[in-house]
Amino acid sequence: MTHENRLRVGVALSGGVAKVVAHVGILRAFEEAGIEIDAVTATSGGSIIGAFYCAGTPIDEMEALAEELSWKKLTRVTIPRLGLLSNEKLERFVNDRLPAKRFEDLKKPLAVVTADLTTGRKAVFTSGPLGPPIRASCSIPQLFPPVSIDGNLIVDGGLVEYLPIQTLEQFHCDVRIGVNLGGVRNWHMKDPKNFFEVALRVIGFVSQRNARVSEGLADHVVRPNLAEFGPYDLDRAADLIRVGYEAGKRSVPAIHQILETKIPRSRDTGEWTRMVRWLKDNSPLQIFGRSAG
């Protein structure tokens, strides 16, 4: 298949707190296999990985950045009002280390998915400064305060679209690959031990409910088994990258088969468009009493 008529490939990166580091290994596996990615959509911590990737950061450099991360570098304790912790440091990290400052500066298109507490709807960012939307998409309610963007209070995108397959529609991708880092869990077998774990458990319930809908719209879903890792485990970056890489390698044959045999869906009519329109009108991703869209 020539470059001119090849299928456009989009990848949707889920959240996962510290586990999002596994995305780096998956992207390495795709790159080694010659799977060219045309667009990325991302939610929560996946938006950090997606931004660096779409900015053209080499995978080796992304791995080095991941291994130097710590919660101390990204958060600080604050006086509780709208959140127990501040993630202002996360935004500074993105602004300082990311080679692109605005969506328009990226080498590949990126969409960052968030939840708008002001309107009760999904809010997708594809233009303007990168820092605030990325920080907002990582702002788990109760743990981190909402981020004010254009007068609206914006929080973690996992509330509305943890695995942002639907959002890939705006990039007219023929093949849609999802990476669901929450697809294999074992935390439900243990009682939460503190407020932090209770908040993560709640958003985990909501996220995986809407992720099941999203998975049904994907051509392929990568589900690395990260059950041995906890949400705090930034100090295990190398292991997370390794597990992600292995899961990515296992998915390569299936993705290649899709690329070789798939007939591109119509971008204007047909089953996909009808399904997306139905979801927009009848979305099960209703978090605040209004349809996410």
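Which residues in H1 meet which residues in H9? I opened the notebook with this contact, working from a predicted model.

**Entry 1: H1 against H9**

I located H1 at residues 22-32 and H9 at residues 237-261. On the H1 side I listed Ala22, Val24, Gly25, Ile26, Arg28, Ala29, Phe30 and Glu32. They meet Leu240, Ile241, Gly244, Tyr245, Gly248, Lys249, Val252 and Ile255 in H9. I sorted the residues of this contact into ten nonpolar, three polar and three charged.

I then looked up the geometry. The two axes come within 6 Å and cross at roughly 40 degrees. That angle makes H1 oblique to H9. The crossing of H1 past H9 is right-handed.

**Entry 2: H1 against H2**

H2 covers residues 46-54, and I found its axis 9 Å from that of H1, at an angle of about 40 degrees. H1 and H2 are therefore oblique to each other. I noted a right-handed crossing for H1 and H2. From H1, the residues in this contact are His23, Val24 and Leu27, and they meet Gly46, Ile49 and Tyr53 of H2.

**Entry 3: burial of H2**

How many of the nine residues of H2 are buried? I found nine of the nine buried, so H2 is largely enclosed by the rest of the structure.

**Entry 4: H3 against H9**

I went back to H9 and looked up its packing with H3, residues 59-68. The axes of H3 and H9 are 8 Å apart, and the angle is about 140 degrees. H3 and H9 are therefore oblique to each other. In H3, Glu63, Ala66 and Glu67 meet Ala237, Ala238 and Ile241 of H9. The residues of this contact are four nonpolar, no polar and two charged.

**Entry 5: the nonpolar cores**

Which residues touch the most other members of the largest nonpolar core? I found Phe30 and Leu110, in a core of 74 residues. H9 gives the most to this core, with eight residues.

Leaving out residues up to four places away in sequence, Phe30 touches Val11, Ile35, Ile37, Ile177, Val222, Gly248 and Ile255. I recorded a second, separate core of five residues, including Ala115, Val155, Leu159 and Val160.

**Entry 6: Thr114**

Is Thr114 buried or exposed? I read a relative accessible area of 0% for Thr114, so this residue is buried. Thr114 is in strand S5, residues 110-116. Not counting residues up to four places away in sequence, Thr114 touches, among others, Arg121, Lys122, Phe125, Pro133 and Ile154. Val155 and Val160 are also touched by Thr114, and I had already listed both in the second core.

**Entry 7: the whole protein**

The protein has ten helices and ten strands. Buried residues make up 56% of its 293 residues. I also looked up contacts between residues at least 6 apart in sequence, and 76% of them join residues at least 24 apart.

Key
Residues are numbered from 1 along each chain as its sequence is written. This is a predicted model: local features need pLDDT of at least 70, side-chain atom pairs count only at pLDDT 80 or more; totals for chains, interfaces and linings use all residues. Side-chain values use heavy atoms; hydrogens and water are left out. Axes are lines fitted to C-alpha atoms, for helices over the stretch in contact, and angles run from 0 to 180 degrees between N-to-C directions. Helices (H or I, at least four residues) and strands (E, at least two) are DSSP runs, numbered from the N terminus. Angles under 35 degrees count as roughly parallel, over 145 as roughly antiparallel, 65 to 115 as roughly perpendicular and the rest as oblique. A crossing is left-handed if the near helix is turned anticlockwise from the far one by less than a right angle, and right-handed if clockwise. Contact means heavy atoms within 4.5 Å. Ala, Val, Leu, Ile, Met, Phe, Trp, Tyr, Cys and Pro count as nonpolar, Asp, Glu, Lys and Arg as charged, and the others, Gly among them, as polar. A nonpolar core is a set of buried Ala, Val, Leu, Ile, Met, Phe, Trp, Tyr and Cys residues joined through side-chain atoms within 4.5 Å. Buried means under 20% relative accessible area, exposed over 50%, partly exposed in between (1.4 Å probe, protein chains only).
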